[in-house]
Amino acid sequence: MGVRILLLGNGGREHALAWKIAQSDLLDCLYVCPGNGGTAQEPKTVNVDLPASDFPRLVDFAVKNKVDLVVPGPEQPLVDGIETHFRKVGIPVFGPSAMAAKMEGSKAFSKDFMARHNIPTAAYRVYKNHQINEAIDYVKTCGHKVVLKASGLAAGKGVLIPETTEEAIAGLQEIMVKNVFGDAGSEVVIEELLTGPEVSVLAFSDGYTIVPLPAAQDHKRIGEGDTGLNTGGMGAYTPAGVATPAIMDQIMKETLRPTIDGMRREGFPFVGILFTGFMLTPSGPKVLEYNVRFGDPETEALMLLLSEELDLVSVMMACANHHLDSTTISVRPGFAVSVILASQGYPGAYPKGKVIEFKTVPSNVVVFHAGTTKSDNNIVTSGGRVLAVTAYAPSIQEALDAAYTGVDSIAFEGKTYRRDIGHRYVRIQLKLLSQPYRTCFSALNATHDKDKVSGLTYAQAGVSVDAGNDLVEVIKPYVRSTRRTGADAEIGGFGGIFDLQATGYRDPVLVSGTDGVGTKLRVAVDVGIHDLVGKLIHVFYSPRAELSIGIDLVAMSVNDLLVQGAEPLYFLDYYGCGKLDVQVASQVVKGIADGCRQAGCALIGGETAEMPGMYTEGDYDLAGFAVGAVERDQILPTPNIAAGDVLLGIASSGLHSNGFSLVRKVISVSGLTYESPCPWDSETTLGRALLEPTRIYISQVLPAAKAGLLKGMSHITGGGFIENIPRVLPKDLGCYVDASTWTLPPVFKFLAQHGGIAPLEMARTFNNGLGMIVIVSPDKVDAAVAALSKGEGSVYRVGEVTGRPGVEMRNLQTWSL
């Protein structure tokens with residue numbers, strides 16, 4: 001005999017689940033309690049008229065009808081402990097225990113859990129209702145806008161977002177004194193207000209394995225343009241474009257996996273569907289809330305996105321029986337959209353019993369019933385949200401067109417719906433002329449037919465600014481943080497201005513440099529770390545250092561200025577991509593700004609170019625341009641470098657940004673991946689260790705150069721010692737470098753060992769632990785070492801200038817020990 005399932009609930013979510021469950025070859029019978037006017041129309045499905053809160057009667061029904069699995073739709077039965085009732089009679093539940101359900105049932109409980117497990121979320125405080133005075137004092141003094149949340153279940157209405165401190169105090173009075181949310185408000189969570197795009201991620205779990213579905217975005221407000229009152233959700237679409245593969249990977253690593261592991265370790269493993277709301281903030285995805293059941297209206301869209309071959313019954317049974325790792329969960333390429341049809345007056349008072357007329361809908365549209373019931377031979381309205389018109393198609397625009405065609409095929413008195421579902425994805429991208437940080441876009445996604453989009457307006461889409469404007473607004477604080485004498489670091493004009501006279505130079509010579517990050521960028525994209533590439537942190541092999549491609553970009557350019565003795569004054573960047581992801585791009589710029597602050601230069605502008613067809617989605621490229629100044633009589637190298645001058649080496653922070661083509665080859669033959677534990681540092685992954693940002697040497701070296709202690713410098717980049725040191729020496733001179741004078745760092749030993757790289761090849765490819773070589777006359781060595789040792793990088797005496805051109809590497813055999 002096949003599987004018998006009891007599904008609890010009566011909304012659009014439950015109809016969508018019933019629709020997918022009924023397609024299973026494993027299913028014998030699906031009982032829906034109480035169900036609605038749509039669930040009873042599904043094959044092998046029967047509505048059951050029992051109160052969903054009467055657990056003993058539900059258990060009795062399940063036992064008598066030989067139910068094999070119970071699937072609670074809403075959260076309340078789970079929080080009330082329905083899983084325990086069925087477990088006692090040996091019937092598994094696709095849903096968590098009462099203890100695990102507290103992740104939704106108590107916001108205070110979930111916030112404390114996140115704090116214990118270092119899961120990114122908003123800063124918060126928790127107060128009991130008798131602590132009203134302490135709560136008021138906190139909102140007065142915390143220094144940021146807040147969100148007020150009733151800790152318990154409040155039917156999705158227990159959240160207030162006050163605009164002012166006065167409104168926050170009034171909100172606390174409403175929750176904690178007037179009890180507007182009842183018992184749910186006996187405890188209140190006060191959170192920092194987060195900003196950014198919101199996404200919902202639903203993930204299957206058996207307590208050990210967790211498998212996320214594509215992210216979705218819903219539309220909470222009743223009115224177009226995200227205006228009006230909050231609702232249970234007026235529509236959704238999936239996948240959400242803002243949730244790039246890199247962001248989903250970050251969500252998995254930083255939130256989903258730690259959540260499932262933490263719950264299991266604390267004794268309440270999670271089984272079922274974990275629905276996590278995220279805010280994609282400039283500093284990364286942060287958890288807004290946990291839900292312990294399928295979301296609504298996200299589920300309606302996700303059920304259509306699941307592959308036609310996927311057997312939902314098999315997946316649910318695998319979760320309940322703790323062997324999810326043996327099941328494959330697949331989705332179709334393309335998009336699914338759900339548009340909610342509501343009763344007039346919703347989310348306030350609304351009439352019921354309105355007859356619904358259905359006409360034929362497109363073949364790729366499914367109409368899920370949410371608030372309907374059967375009356376005589378008619379389907380009539382019985383709830384605020386009445387129907388979820390859901391469509392699947394290869395492109396978002398085709399899915400929207402099909403869904404709204406379905407909407408037009410349904411009629412009932414007072415039909416209310418939003419016409420801009422999916423606006424966040426289909427917003428028209430216009431070319432921006434906001435240089436610096438000018439952003440160039442293709443006007444429309446290549447998959448959109450011109451006829452289909454020609455009538456769209458920003459008002460219809462509910463969009464005030466496009467992705468480029470969003471990026472500019474997000475990065476403005478980062479850019480302003482780089483202000484220095486000569487530049488106000490404001491963006492938005494046609495060109496960046498720098499006042500050289502204000503810097504006080506007597507006879508300045510300008511020095512410029514440009515660079516990229518090379519194939520290190522490919523590793524960063526694969527690993528999902530972006531802000532590192534813009535700056536290079538002064539942390540030597542720190543496993544907790546925030547890696548940033550943005551830092552690298554600055555470092556490679558300003559370190560090249562430094563070898564001329566120049567002080568970096570300002571920096572500009574170029575960011576090219578196929579599809580602009582504001583989250584990723586803003587993290588890169590954040591890293592660039594961090595690097596600029598380290599280097600003491602202003603970030604005065606840049607270009608962001610979105611070019612579909614030039615780059616694949618998820619990929620991007622970077623270039624940087626730096627300008628510095630040096631007094632004419634302090635330009636390096638000096639003309640008096642001579643044999644016998646001493647070479648001092650300053651420690652690098654790691655690989656810096658060169659040699660990554662060889663690094664990637666070594667990893668490919670090593671049997672390891674970027675996700676593997678780092679062989680020389682168990683607290684991080686191999687990918688993160690390899691991406692340690694390039695050290696910026698400005699603060700450590702520039703004072704010694706201005707003091708006249710240095711004759712020349714060589715930035716050890718691609719080509720290693722062999723190629724870079726001769727660039728600073730007179731043509732008739734060379735040098736030797738003694739490899740035994742410093743210890744080869746572990747990352748280089750790893751590469752040499754796993755790649756079988758000869759020591760001489762290492763010397764001509766990598767920095768091998770020394771990112772900068774400075775040349776000092778013998779009589780100034782002590783003074784130079786004293787000055788340089790005030791900085792972060794260790795200083796070593798590593799060689800001398802010789803009368804023979806070229807670089808002689810001595811004692812390389814020590815690298816093989």
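H322 sits in the loop between α11 (312-320) and β17, where helices (H or I, at least four residues) and strands (E, at least two) are DSSP runs numbered from the N terminus. This is a predicted model, in which local features need pLDDT of at least 70 and side-chain atom pairs count only at pLDDT 80 or more, while totals for chains, interfaces and linings use all residues. Residues are numbered from 1 along each chain as its sequence is written, and side-chain values use heavy atoms, with hydrogens and water left out.

**Backbone features in loops**

Although H322 is not a glycine, its phi is positive, at about 65°. H322 counts as partly exposed, because its relative accessibility is 43%; buried means under 20% relative accessible area, exposed over 50%, and partly exposed in between (1.4 Å probe, protein chains only). A positive phi, of about 55°, is also found at N118, which is not a glycine either. N118 is placed in the loop between α6 (107-116) and β5 (124-128), and with a relative accessible area of 69% it is exposed.

| Peptide bond | Form | Omega |
|---|---|---|
| D296 to P297 | cis | about 25° |
| Y346 to P347 | cis | near 15° |

P297 lies in the loop that runs between β16 (284-291) and α10 (298-305), whereas P347 belongs to the loop between β17 (335-342) and β18 (357-358).

N36 is a residue of the loop between β2 (27-34) and β3 (45-47). Is N36 buried or exposed? N36 counts as buried, because its relative accessibility is 6%. Its side chain reaches the backbone oxygen of H369 at 2.8 Å and the backbone oxygen of N10 at 3.1 Å. Each is a polar contact, that is, a pair of N or O atoms within 3.5 Å, where within protein one atom must be able to donate a hydrogen and the other to accept it, and where residues adjacent in sequence count only if both atoms are side-chain atoms. Leaving aside residues up to four places away in sequence, N36 touches N10, G11, H15, N47, H369, A370 and T372, with contact meaning heavy atoms within 4.5 Å.

**Two packed helices**

Two packed helices are described by the angle between their axes and the distance between the axes. Helix α1 (residues 12-21) packs against α11 at an angle of about 105°, and the axes are 8 Å apart. The angle makes α1 roughly perpendicular to α11, a label for angles of 65 to 115 degrees, whereas under 35 counts as roughly parallel, over 145 as roughly antiparallel and the rest as oblique. Axes here are lines fitted to C-alpha atoms, for helices over the stretch in contact, and angles run from 0 to 180 degrees between N-to-C directions. On the α1 side the contact is made by L17, K20 and I21, and on the α11 side by L312, V313 and M316.

**An open sheet**

Strands of a sheet pair through backbone hydrogen bonds, either parallel or antiparallel. Here 4 strands form an open sheet in the order β10-β9-β15-β16, with antiparallel pairing; two strands pair if DSSP finds at least two bridges between them. The edges are β10 (210-212) and β16, each of which has a single partner strand, so one side of each is left without a neighbour in the sheet. Neighbouring strands of this sheet are turned by 35° against each other on average, direction ignored. Strand β15 (residues 272-281) is joined to β16 by 7 bridges, and the two run antiparallel. Opposite K286 in β16 stands M279.
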